[in-house]
Amino acid sequence: MDCSGRHSPPAAQPGRSGIIDSGPEATPGGEQSAAKARPAEAGCAGARTGPHREGEAHGEKLGRPLPEAVRQAVVEAAAEVIGGLPLDDVPPPLRRFARFERRKRAKLAGQHIAAALEKDDAFRRRVAEPLRDGQADLVEAVEGRDVPPAADPVRVAVLAYLLRPEGWTELVESARAELERSATASEEEAAERRVAALKAELAAARTARAAEVDRLRAELRDSKAEVADLRRKLHEARTRFRAAEERAGAAAREAERALAEARESTAASEKELRKLRARAAQAEAAAEAAKRAAREGRNVEDVRLRMLLDTLVDAAQGVRRELALPSTIERPADAVGGLEPDRQAHRALPGRALSDSDPQLLDRLLTLPRVHLVVDGYNVTKTGYGELPLSDQRTRLLSGLGGLAAQTRAEVTCVFDGAELDAPVAIAAPRGVRVLFSRPGQTADELIGELVRAEPQGRAVVVVSSDREVADAARRANARPCPSTLLLRRLGRS
């Protein structure tokens, strides 16, 4: 019980606060604490009124706020005491924080506790009681203004602020100065460490710079050597170019001489050709007379023979048109004399000089007579609309090929890979389009190769596929490959 008749707060117990040290003479035993409490109660009238009243009587006040470390220690000490006081003894502004955990109470109620300590002298003395009991020697030194030099300045400032002896503001200011000196020393040490780190970084940067300079110099030497080598190669290339120009000029002059000779030879050949045409006309007239003589005695064997002969004639005429050969039949105008103009050379087959990526390639190839268009079905459909099911892909491609066959009258064969199917399917192929599936154990690429090799030499065959292996195989078989994108573009225009 304190001097006012109320129970004094219990002394701070070990382990309850890790912020305030209990001092070297604090004893955690209950009997020793009780023994210290009894003298304190007996002498409260004299011990608790003297120093505080002296400091308050002199009207001492701080000119600046408490140092942050001192303020935090004072608030934590008050928060520890609030938890052990009866609710009636706690100042009204702090009662709603009394049931909080100590650290939470110190964090949330710090401003309220600081205000209560400054205004409520009785509450401040209650907060100082555990410190008086736990740090008796230091309390006595603070009240006697005989503080040991090795004492913690924060603890000294806390006791001076709570006990308020005469000259307590000087003790607080001394603690402030000591804390500022410590902070300054810490800052100087940190600055020295930063300077040392910066010096180390500078040395490392200089080392790295030296290594980088050496590397750049080595690269410069290599670049100079490479430039010299390139200049030498350029000079050699220029020399070879001049020699090639000279050879090309000589070849051009030789070609001009050969062309003049060829023109003279052509004129002689045309003169001989006209003589041969006259003889051929006489032979044809004799043959026509023989035909008329034998026409009346024609039988079944003659009809068969004539059918075979017509077939051969039609084939020969097709070859004549494809190769642009002159007719051997004499016409009335051929008997009229006169100079004939030079004939143009035979026109190259369409598409021969175009690249595989030229948009006009497929259109030119489809103009060839009796061209055979072989299409790698799934390669085309997966390039253009691979998101559709396989059945829809086949239907869409075959529909477009049917229209293409009707427009160009070309022979069209579409090949699908049979391995993509679980079982044979029924497909209604458009008119003019042949649809084939590869056999079990055979790929569509192999079937395309068989189709190309089955064609006679000289027939125009176009293989539509973006597969490089299929295109290379088509070239080896004297067929012309064509990318799938060109066929898709051609079908899109139809």
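This is a predicted model: local features need pLDDT of at least 70, side-chain atom pairs count only at pLDDT 80 or more; totals for chains, interfaces and linings use all residues.
The strands concerned are β1, residues 372–376, and β4, residues 461–464. They run parallel and are joined by 4 bridges.

From these two strands the rest of the sheet can be traced. The sheet is open and has 5 strands, in the order β3-β2-β1-β4-β5, with parallel pairing. At its edges are β3, residues 433–437, and β5, residues 480–482, each of which pairs on one side only. From one strand to the next, the twist averages 20 degrees.

Helices pack on this sheet. Helix α13, made of residues 377–385, touches β1, β2, β3 and β4. The direction of α13 makes about 60 degrees with that of β1. Strand β2 covers residues 411–416. Another helix, α15, spans residues 444–454 and lies across β1, β2, β3 and β4. The angle between α15 and β2 is about 155 degrees.

The next topic is empty space inside the protein. Rolling a probe the size of a water molecule over the atoms shows where such space is left. How many cavities of 30 Å³ or more are there? The count comes to 2. The second largest cavity holds about 30 Å³ of space.

Which residues line the second largest cavity? They are Pro359, Leu362, Asp363, Leu486, Arg489, Arg490 and Arg493. Two helices, α12 (361–365) and α17 (484–493), each supply at least two residues of this lining. Helix α17 gives the largest share, with 4 residues. By type, the lining has 3 nonpolar residues, 4 charged residues and no polar ones.

Finally, the protein can be taken as a whole. It has 17 helices and 5 strands. Of its 494 residues, 28% count as buried; buried here means under 20% relative accessible area. Contacts can also be sorted by how far apart the two residues are in sequence. Among contacts between residues at least 6 apart, 63% join residues at least 24 apart.

Note on methods:
Residues are numbered from 1 along each chain as its sequence is written. Side-chain values use heavy atoms; hydrogens and water are left out. Two strands pair if DSSP finds at least two bridges between them. Axes are lines fitted to C-alpha atoms, for helices over the stretch in contact, and angles run from 0 to 180 degrees between N-to-C directions. Contact means heavy atoms within 4.5 Å. On a 1 Å grid over the protein atoms alone, a cavity is a set of points where a 1.4 Å probe fits but cannot get out, and a pocket is an open set with protein on both sides within 12 Å along at least five of seven lines; lining residues have an atom within 4 Å of a point. Grid points are joined across faces, edges and corners, and a volume is the space filled by probe spheres set on the points. Ala, Val, Leu, Ile, Met, Phe, Trp, Tyr, Cys and Pro count as nonpolar, Asp, Glu, Lys and Arg as charged, and the others, Gly among them, as polar. Buried means under 20% relative accessible area, exposed over 50%, partly exposed in between (1.4 Å probe, protein chains only).
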